[in-house]
Protein chains: 2
Amino acid sequence: MQPVKIGLLGLGTVGSGTVNVLNRNGREISRRAGREIVIAKAFTRSPEKPRLCPTDNIDLVGDPFQLVEDPQIDIVVELIGGDSPAKELVLRAIELGKHVVTANKALIALHGNEIFAKASEKGVMVNFEAAVAGGIPIIKVLREGLAGNRIEWIAGIINGTGNFILTEMRDKGRDFADVLKEAQALGYAEADPTFDIEGIDAAHKLTILAAIAFGIPLQFDKVYTEGISQVTGEDVRYAEELGYRIKHLGIARRSGDGVELRVHPSLIPERRLLANVDGVMNAVVVKGDAVGPTLYYGPGAGAEPTASAVVADLVDVVRVMTADPEHRVPHLAFQADALSDMAVLPMAEIETAYYLRLSVADRPGVLADIARFLADQGISIEAVIQKEPQPGQAEVPLIFLTHKVKEKSLDAAAAQIESHPAVKAPMYRIRLETLD
Amino acid sequence: MQPVKIGLLGLGTVGSGTVNVLNRNGREISRRAGREIVIAKAFTRSPEKPRLCPTDNIDLVGDPFQLVEDPQIDIVVELIGGDSPAKELVLRAIELGKHVVTANKALIALHGNEIFAKASEKGVMVNFEAAVAGGIPIIKVLREGLAGNRIEWIAGIINGTGNFILTEMRDKGRDFADVLKEAQALGYAEADPTFDIEGIDAAHKLTILAAIAFGIPLQFDKVYTEGISQVTGEDVRYAEELGYRIKHLGIARRSGDGVELRVHPSLIPERRLLANVDGVMNAVVVKGDAVGPTLYYGPGAGAEPTASAVVADLVDVVRVMTADPEHRVPHLAFQADALSDMAVLPMAEIETAYYLRLSVADRPGVLADIARFLADQGISIEAVIQKEPQPGQAEVPLIFLTHKVKEKSLDAAAAQIESHPAVKAPMYRIRLETLD
């Protein structure tokens, strides 16, 4: 089958990320989509500029309309952002019967109603997973994964810059203006940070989430929007004293016959998972009447997280473009004839750190012996806990935390340890995962 | 258009939950699916038993094969669980060209390869979102939402009973056997808890997640499986002392040319979100090469959370059954002609609790006056912080935490407070969300 040909509008951070992800994971992606996806053409204003991705096999053009109108292009990916000419380009692509994938939250929040009406008329798809919360597939979750629910409310940390600033204010006791400067230096905040810190970016995203959750039109102009520039270091500390954290939330909630749409700083109880979402990460809590509360967490911005969402949208379009049963979503995600025979490793070959619990006779030299058995197998110790024996008890618990080692080395050490006369019971191990 | 007719195999907890969700949210669900979904027939072994759902409009039958073979049934929903006759029923439905939705993790983990091969041959869908992590749409996320990624690893708390036991052991300092008894009394654990506490249930789910993440066949027999019955209260406390929590994890990880598949107790650093997933809740962390780490959290079991997943699968099938563009996933989740005109409420009508920050002159009676202004508007105070003035400062910060109140009442109180001669600057408010 012919590869699907993509036209990419924009070769900046996210555009380059998309090229890189499609290059690196191309084989795996076609095993899922059932067809190869190829970036045939890309629009850039400055074709000579050094790129963050290879462009050897891509036809670079300086006129975005020429790309959109090229009959060989099946899907247009819009990554230039902003209002114009993004809107005209997307409408033109739809007019020509092409499917569209976009990461442009302002475009969807402000012009989505018009764009979707046109797309429905022309029978094409317009996907926009990357417009909200970067790599978190929150649009798909709300639109499909929770389709059985009456959504009651959504509350999300949907601007990474704002969350970075509030996190730094709390962790380091610094003030707003000071942290903002650092965020700008690190590239987390734009030179003009208004969109992020005054909540406009979050309001765009909330507009989109609310429409999908409640089945209402996009209505950005009705979102109450308040930024974080008035939050002081003192506020952060007082909130903490009272058991709360301050987060910049986008909230959409059913309320009687209406719906609340609001973006503002919020106190939330410190034990909630959402209160513990730190730095540039995003997270959205969705409360459905059947499912209850669910939370979705991940990177809300960046080249490859955003590209992850763009490519998922492309795979969705490709699966639907060919509507025969073989191109539905495969049962096990990959096409049935493209499963891999990767081996499942035996536990002996697996490497983790360990928590080890021993019960040993309380006499001199035992700790030294056991430490030696571990060292003989190249197992280094991160921590030891040994407590005084309880009155009347001849044995004491001995706890080790090890660094990472293959399970077969630990098995060998365990055999030696358990044969030591002072060791009274088998050694119990719990594996330690750092999740990084 | 004709309603889609469902045959329900099983009217227990999840079956009744599915009927209730479809009844309650039927209108909203057809606004998403584009067609009405009706439960026409249900199989139950004991038609006289009192039900957790109304059955007036459902044809109850005592022979499950009669239901599967009924030509009016478009989709068979299998909720009887176990191996046989579930497997024969599902294969028979597929043979007859019917789509299938199932919540049966053992069936998919053990017989999925055979079932999916048959389904591909017959061109029907077999959806199983409810088989893993209850209401969390983790199958959809892995299969579609992260389709651009090479998945590096997955680590999940995918058995609620085990997580409840470990949480209680930590929170209350209790021992395993003791908490297990309570879990049985609460209905969280079965009379024979082996499947849950020895990790077999989690291994079924991990088998499914790994197949979808890596594009490998289902291979339950290769999962290393270790339960939590040997974890002691001491282990939990020592882990805590060292900065860790003990969780029962299912882990699937690429490693060189192979893949690790393992279920066992694990120490994880206490600052990780996953370490803070407590009680019967489930959560899965997915690390993709493009997106980075993402986390999905929600209820892993229960009538309506599981029904939420079953109904989402039904909506997916219905959308695909009619392959014309109008029945694709709608842009804004709901069919374009089914959007609602729900009003967006003005902020004045919104009710939240508040954090209030004032700067006041340090003299007697000010606190009493302000508290009076708040009380006049029916605003009750949950906490107050007033600090000693710093040397040389004439003003002190005054912080209030209020109970919930409409924003218009707070506006009225603010107007009075700000006109008080001791109040030197506008009152700053941060709304407080409890997220429940």
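Predicted model: local features only at pLDDT ≥ 70, side-chain atom pairs only at ≥ 80, totals over all residues.
Not counting residues up to four places away in sequence, B:Ile138 touches B:Glu129, B:Val132, B:Ala133, B:Leu209, B:Val284, B:Val286 and B:Tyr296 (contact: heavy atoms within 4.5 Å).

I then noted a second, separate core of 32 residues, which includes A:Ala275, A:Met281, B:Leu274 and B:Val285. The largest nonpolar core has 122 residues, and A:Ile138, A:Ile208, B:Ile138 and B:Ile208 have the most contacts inside it. A nonpolar core is a set of buried Ala, Val, Leu, Ile, Met, Phe, Trp, Tyr and Cys residues joined through side-chain atoms within 4.5 Å; buried means under 20% relative accessible area, with a 1.4 Å probe and protein chains only.

I checked confidence. Chain A averages a pLDDT (per-residue confidence, from 0 to 100) of 92, with 99% of the residues at 70 or above. The model has ipTM 0.92 and pTM 0.92.

Because 7 of its 8 residues are buried, β11(A) is largely enclosed by the rest of the structure. Strand β7 (residues 151-157) of chain A runs antiparallel to β11(A), joined by 6 bridges; A:Ile157 has A:Ala283 as bridge partner. β12 (residues 292-299) of chain A is also antiparallel to β11(A), with 8 bridges, and A:Val285 stands opposite A:Leu295. A hairpin through 3 residues joins β11(A) to β12(A).

Residues are numbered from 1 along each chain as its sequence is written, and chains are lettered from A in the order in which they are written. Local features need pLDDT of at least 70, side-chain atom pairs count only at pLDDT 80 or more, totals for chains, interfaces and linings use all residues, and side-chain values use heavy atoms, without hydrogens and water.

Definitions and conventions
Buried < 20%, exposed > 50% of the residue type's maximum accessible area, 1.4 Å probe, protein only. pLDDT = per-residue confidence, 0-100. Helix = DSSP H or I, 4+ residues; strand = E, 2+ residues; numbered from the N terminus. Pairing = 2+ DSSP bridges.
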